[in-house]
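Here are my notes on the model, written as numbered points. Have a look at the structure first, then read on with it open beside you.

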Amino acid sequence: MITPGSESLNKVAVVGRGTAGALAAASVSDLLSGKDYQLHHIYDSKIPIIGVGEGSWPSLVQRLQYLTQLSDNAVQQFLNGTRKYGVAFEGWGHLKRDFIHYFLPQDESYAYHLSADVMGDLLQADGHAQHIDANVVGISRLDDGALVEFEGRDPERYDLVFDARGFPRKIDSRAHIDISFIPTNTAMIRRCPAVIECPVDGPALQHTYTRAVARPHGWIFVIPLTIHTSYGYIFNRDLSSEEEVEADFDRFFAIDGIAQFEKRGVIQFPNFVHRQIYDGAIARIGNAAAFMEPLEATAIVAAQLQIELILQMRFARPLEYLQRDVQMVNRFLVSSMLRYGLFVGWHYSAGSVFDSKFWRYARDFAWPKYREAVNPELVDCDALNKFEDMIELVSQPVIDEAKLSRMCGVPLSSYAQMFRGLGC
Ligand SMILES: Cc1cc2nc3c(=O)[nH]c(=O)nc-3n(C[C@H](O)[C@H](O)[C@H](O)COP(=O)(O)OP(=O)(O)OC[C@H]3O[C@@H](n4cnc5c(N)ncnc54)[C@H](O)[C@@H]3O)c2cc1C
């Protein structure tokens with residue numbers, strides 16, 4: 001007899017309330033609404049969310065409207081958001097000229113710049129979850145589900161657990177694929193007053209772009225929100241000291257005419273992809289599943305993909321197919337994350353206007369290791385071939401029309417714009 005997959009989703013847990021956990025809890029509530037089920041949304045209020053993560057891709061606009069049943073304008077205002085039409089690259093590539101990577105259709109399609117720290121409140125408003133403030137000390141696989149162990153509370157069994165606890169404590173080559181062909185590992189964050197004029201009773205409608213400005217020690221993002229402007233200097237702490245980066249940040253602010261700012265801290269991050277994102281009962285999502293520096297704002301869009309694919313497969317496919325599906329879903333997700341990573345790492349391949357220690361390392365040492373890092377035999381998927389096919393395709397003088405809709409993490413149009421902009 002065929003058992004619908006939805007019947008195996010009676011008790012679900014989401015651990016974490018950052019962007020990934022908040023999206024997962026809202027997606028579970030939506031998919032299982034009308035069904036008799038339990039959803040536990042568990043997070044430790046003493047462990048803060050990462051809170052940066054203010055750029056997105058256009059698919060988030062539709063997804064948030066759908067999940068909240070609010071209008072685009074209402075969602076944008078709740079998130080203190082602006083409309084992001086692409087990324088403006090300054091000083092990147094061989095051609096030494098500035099260019100924009102647009103979402104297509106150009107100047108029509110937009111995403112949000114958003115306050116990541118209110119995303120949980122936006123999504124919780126419509127959730128049906130039981131909220132549990134507790135520290136989770138372990139999530140492990142059982143024959144018929146997964147076990148969540150707590151500090152000071154009895155363990156509980158679930159049919160499916162989304163692990164959205166953020167970055168792994170340490171990167172271990174047995175569990176994680178190291179993608180440090182991406183040459184950065186640290187962000188220094190500052191906040192400045194808002195520069196966007198926003199009507200009192202409506203959303204800010206100006207076209208805005210995330211600025212990605214090449215600097216001697218890496219690059220700086222500039223993200224305009226309606227309540228502040230967020231700046232982040234992304235660099236490699238093994239090549240540049242915090243003092244050097246701080247000094248160059250000050251020089252950049254002087255050039256940009258910024259006198260007033262607040263220091264928001266320094267965040268270290270790994271560039272990695274988990275080898276086992278999904279095992280049938282435990283789904284790692286968000287920064288627990290994969291991370292790559294924020295140059296193309298790939299983290300939220302990646303979390304959307306992880307959550308939607310895993311939930312749809314569990315819900316719609318007969319339970320008898322679960323074990324067979326697990327391998328395919330995991331391989332697809334690992335490959336997708338690696339493709340995002342390759343796309344981001346490739347941005348460094350043409351250097352920048354700076355002939356500095358960082359840029360020589362990025363272009364001549366880190367990036368050339370990408371083939372080794374994603375060797376198909378070691379990562380058990382075809383991300384490398386797919387990526388190289390895209391590069392081959394955009395190198396052609398004319399791209400075959402039948403291939404225009406191809407994706408490799410991101411659409412072919414994004415590869416084509418970056419190829420031309422960087423002067424590859
Ligand atoms: C500098 C920087 C810039 C970024 N910019 C972007 C961007 O522009 N666009 C983008 O898409 N992404 C960006 N990101 C990525 C961003 O971090 C993620 O999109 C987002 O924060 C997802 O994080 P998360 O939800 O996986 O984890 P987190 O935000 O780290 O949340 C973890 C959650 O798990 C809970 N938790 C942790 N441990 C436990 C435990 N033991 N028990 C119970 N609960 C626990 C915490 O309380 C918290 O609720 C950026 C990241 C960095 C570092």
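1. Start with the shell around the ligand: by class, four of its residues are charged, nine are polar and 15 are nonpolar. (Asp, Glu, Lys and Arg count as charged; Ala, Val, Leu, Ile, Met, Phe, Trp, Tyr, Cys and Pro as nonpolar; the others, Gly among them, as polar.)

2. A quick word on where this comes from: the model is predicted, so local features need pLDDT of at least 70 and side-chain atom pairs pLDDT 80 or more, while totals for chains, interfaces and linings use all residues. Residues are numbered from 1 along each chain as its sequence is written, and side-chain values use heavy atoms, with hydrogens and water left out.

3. Who's in that shell? The ligand has 28 residues around it, and the closest are Arg17, Ile47, Gly55, Asn287 and Ile300 (a residue counts if one of its heavy atoms lies within 4 Å). Helix H1 (19–31) and helix H6 (298–316) each give the shell at least two residues; helices here are DSSP runs, H or I, of at least four residues.

4. Now the polar contacts (pairs of N or O atoms within 3.5 Å). A polar backbone atom of Asp44 sits 3.0 Å from a ligand oxygen. For a backbone N or O atom of Ala164 the distance to a ligand oxygen is 3.3 Å, and for a polar backbone atom of Ala299 it is 3.4 Å. Taken alone, the ligand exposes 1000 Å², and the protein buries 95% of that (Shrake-Rupley method, 1.4 Å probe).

Methods. Polar contact = N/O pair within 3.5 Å; in protein donor to acceptor, adjacent residues only side chain to side chain.
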